[in-house]
Amino acid sequence: MELEDRDFLNTPPTKTVRFGGNVVNTLAKFERGDTSDYELLKHQLTDPDIKDGQVINWLQEFRKCVTLLTKDHEQLVYAVLRLPWLGRSAAVVEEYLAFLSNLVSAQTVYLRHCLKMVVSNFTPGKVVIREGDVDISDSDDEDENLPRNFDLCHHALQLIARYVPFTSRFLMPILNENFPFVQKSSRTQECYVHNLLRVTVHFPALRRDVLELVIGRMLKLDASAPRGDIEEAEESSAHQPNGGGVQDECVFDMDEDDGPETKVAVGTAGAMAMAHPVAERLDSLMAVVLAYVKDTCYLDGCLELDRTKDLYRDLVSLPPGPGRGVSRAPVEGGAEPRPAPVLRQAAATYIGSFLARAKFLPVATVKACLDLLVPWLQRYIDGQDSGGRAFCDVSLHGPFYSACQTVFYTLVFRHRAIVEGNMRQGLAYLQSLNLERIVMSQLNPLKVCLPAITSMFAAITRKYQLVFCYTIIERNHRLMLPTVRSSHGGDATPANTNPLDSFFPFDPYLLKRSGKFIEPLYQVWEEPGGSEVDAPRKPVRQPVRQGSEEDDDFLRGETPQTDGAVAMTPGSYSPATRPRPPSPSCSAPSSPAPSPPPRTARWPPPRTRNRDDRSAPLSGFEEEEEEGVYSGSSHTTNPPLFR
């Protein structure tokens with residue numbers, strides 16, 4: 001009577017027995033040419049509503065006949081490998097891992113397919129909402145069991161490697177093939193990179209290849225997000241009332257009953273998000289990589305030097321060593337005559353930015369690098385004085401000018417650290433560098449270096465009375481053409497203020513989430529106070545540097561600009577002396593260099609001083625002494641800093 005009451009047209013069939021025979025008999029029938037049960041078995045293995053008990057029964061049967069699963073049954077094995085085993089009961093997971101172990105040990109032909117199955121679970125699944133024949137949503141699955149699923153995947157890799165020792169040889173190409181596309185969400189990229197770096201813990205031999213893969217993909221993201229675009233997006237986002245950060249989650253806030261804690265957390269996450277979508281992906285990957293570096297180098301809060309050296313050997317492919325060893329290699333590369341000039345200039349620029357920005361470097365390391373660079377500059381000048389090329393030419397002396405700019409840039413950032421603690425020893429060290437000979441040489445490095453670096457270096461050396469640069473700066477301005485006008489007419493264009501095509505690899509960091517790892521180690525440019533530059537300063541907009549899109553905060557910040565004297569030491573100039581305005585033909589409107597100090601000497605200055613014993617070139621200090629600027633009561637009232 002019960003059957004009579006059923007509606008056979010509208011009631012789905014009752015699922016009782018899914019498969020009538022065992023796997024061994026089905027494989028035997030397949031060998032004899034009967035494929036009906038074989039196809040039915042493959043169809044039932046792909047059923048999304050399969051129960052845990054049925055999965056366990058099938059896996060147990062497949063384990064008993066794993067030796068029969070040859071290459072002829074690869075379609076059936078693929079169906080078994082695609083069983084949804086993650087997120088199920090512990091019994092299903094245990095049985096599935098046991099099947100994997102038996103399969104790779106008995107049939108190594110399926111090793112690649114097993115590895116592909118495990119690696120495919122390194123990213124969160126997709127939730128697809130369909131409306132008719134159209135997919136209206138394809139978002140990341142917000143599964144709370146993702147950490148557990150990732151743990152099981154790595155456990156499966158360890159089991160496979162236990163039975164197949166050469167697993168790592170096949171694993172790396174699969175990791176490369178399954179890397180998410182650059183347009184995937186930041187969460188997908190972050191999960192995959194996290195699991196990639198975790199693979200290096202179980203397979204140390206793959207660490208260099210994995211790091212190369214990850215950094216290569218990050219470089220592609222970095223190339224797709226120019227610095228100017230990121231800054232423009234952040235500025236636009238700052239003017240929006242809601243912040244305008246990139247969000248990978250739902251656009252609309254459907255939870256209206258969230259508490260204040262939830263709203264504060266959401267607001268903090270939004271403030272840390274980057275407005276530029278590619279920068280947001282890059283920021284998430286940088287945070288994962290920097291966290292990995294920190295966890296690798298530190299053990300229980302203590303720095304492990306051996307592990308740190310091994311990691312940095314893989315990262316930068318340099319001989320192992322602490323910060324001094326890392327910094328010494330570019331210094332020696334910049335001073336080595338055998339490499340190409342462009343490589344020597346790049347090495348000099350790199351070490352200058354590193355010494356200036358690395359807050360963790362001790363003063364002893366900075367001095368050691370300067371002790372390598374400055375003597376090389378002195379020897380280079382000696383070699384040019386004996387030849388016929390002792391004149392300013394970037395094409396001939398490019399590495400020399402780059403090394404000079406490195407020394408100037410380093411002293412601008414590090415002069416306080418050198419002289420603090422023991423002023424007398426610090427000043428004695430700066431005086432021992434003999435910077436006056438470099439600045440006053442006929443190669444004229446102040447004419448080639450960036451104007452912002454030149455002006456600040458002149459102010460600092462004037463403060464410590466190391467060398468007087470403003471005489472040469474004024475002469476360079478008089479000899480420099482302010483503008484270059486096309487022969488076909490049109491608007492005037494500024495002259496090239498960056499003839500060295502200088503770049504600074506350690507520019508200020510823009511990414512927010514990963515920036516918390518950089519801030520404690522990064523030296524930010526600090527504007528000099530009144531005690532350093534006792535003159536009115538006004539911001540000068542720096543011209544765009546040719547050949548580079550990145551700007552240094554020091555180069556685009558405020559530089560000491562004066563209408564006359566830069567009075568570093570009180571009483572260095574006579575109070576009656578008044579500054580004279582610069583000639584319109586001496587400086588271009590776009591030039592950021594400061595105006596020269598007041599002079600009472602004639603122009604151009606005398607180049608030699610006749611004495612009874614010999615003739616020697618005049619330095620800036622000697623010129624002013626001849627004119628009476630540094631003589632008399634000026635030194636008596638205000639003694640210089642050397643005393």
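In the predicted model described here, T349 is placed in helix 16, which spans residues 341-357; helices (H or I, at least four residues) and strands (E, at least two) are DSSP runs, numbered from the N terminus. With a relative accessibility of 10%, T349 counts as buried, a term that means under 20% relative accessible area, whereas exposed means over 50% and partly exposed lies in between (1.4 Å probe, protein chains only). The side chain of T349 reaches the backbone oxygen of Q345 at 2.9 Å. When neighbours within four places in sequence are left aside, T349 is in contact (heavy atoms within 4.5 Å) with T406, F503, F504 and P505.

Residues are numbered from 1 along each chain as its sequence is written. Because the model is predicted, local features need pLDDT of at least 70 and side-chain atom pairs count only at pLDDT 80 or more, while totals for chains, interfaces and linings use all residues, and side-chain values use heavy atoms, with hydrogens and water left out.

Two packed helices are described by the angle between their axes and the distance between the axes. Helix 4 (residues 74-81) packs against helix 5 (residues 90-106) at an angle of about 150°, and their axes are 12 Å apart; axes are lines fitted to C-alpha atoms, for helices over the stretch in contact, and angles run from 0 to 180 degrees between N-to-C directions. Helix 4 contributes V77, V80 and L81 to this contact, and helix 5 contributes Y96, F99, L100 and L103. The residues of the contact of helix 4 with helix 5 comprise seven nonpolar, no polar and no charged, where Ala, Val, Leu, Ile, Met, Phe, Trp, Tyr, Cys and Pro count as nonpolar, Asp, Glu, Lys and Arg as charged, and the others, Gly among them, as polar.

Most residues other than glycine have a negative phi. D300, however, has a positive phi near 55°, and is located in the loop between strand 3 (298-299) and strand 4 (302-303), where its relative accessibility of 76% makes it count as exposed. Q465 likewise has a positive phi near 55°, but at 14% relative accessibility Q465 counts as buried.

Terms used. A polar contact is a pair of N or O atoms within 3.5 Å; within protein, one must be able to donate a hydrogen and the other to accept it, and residues adjacent in sequence count only if both atoms are side-chain atoms.
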